[in-house]
Amino acid sequence: MSEDYRGEVTIEAGDVAVTAVVRLSVRFEPVEGRYRWAGRAAPDEALTAQLRAGIREATVRIGDGRARARLGEPDPWGGIRLTGTGPPPWPAAPVA
């Protein structure tokens, strides 16, 4: 199990499903009692078009894992920020 994930994912946003390369990390917030995870997807024109159309909600899939995410504005290099609350779509380190 890992707190970080780097690799390919499928991001479903609106009516588009995109395979993207991401860098994601997760942390457990003990006061809240839940996970928070975030990272960036490599630049992708289809995701950027969804953002411009007002789509912010997405699903991130890694193998059999899936989680709801929020899409953020592209960074200066075109990468798309992803944030999520709850278990991430990859096997994260268990809470100690």
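**Salt bridges in the predicted model**

Eight salt bridges were counted in the structure, a salt bridge being a side-chain nitrogen of Lys or Arg within 4 Å of a carboxyl oxygen of Asp or Glu. The structure is a predicted model, in which local features need pLDDT of at least 70 and side-chain atom pairs count only at pLDDT 80 or more, whereas totals for chains, interfaces and linings use all residues. Residues are numbered from 1 along each chain as its sequence is written, and side-chain values use heavy atoms, with hydrogens and water left out.

One of the salt bridges pairs arginine 27 with glutamate 29, with an N to O distance of 2.4 Å between the side chains. Glutamate 29 has a relative accessible area of 22% and is therefore partly exposed, the class that lies between buried (under 20% relative accessible area) and exposed (over 50%), computed with a 1.4 Å probe on protein chains only.

Glutamate 32 takes part in a salt bridge with arginine 34, where the closest N and O atoms are 3.3 Å apart. Arginine 34 is partly exposed, at a relative accessible area of 38%. The side chain of glutamate 32 also meets that of arginine 36 in a salt bridge, at 3.0 Å from N to O. For glutamate 32 the relative accessible area is 39%, so this residue is partly exposed. Arginine 36, with a value of 26%, is likewise classed as partly exposed.
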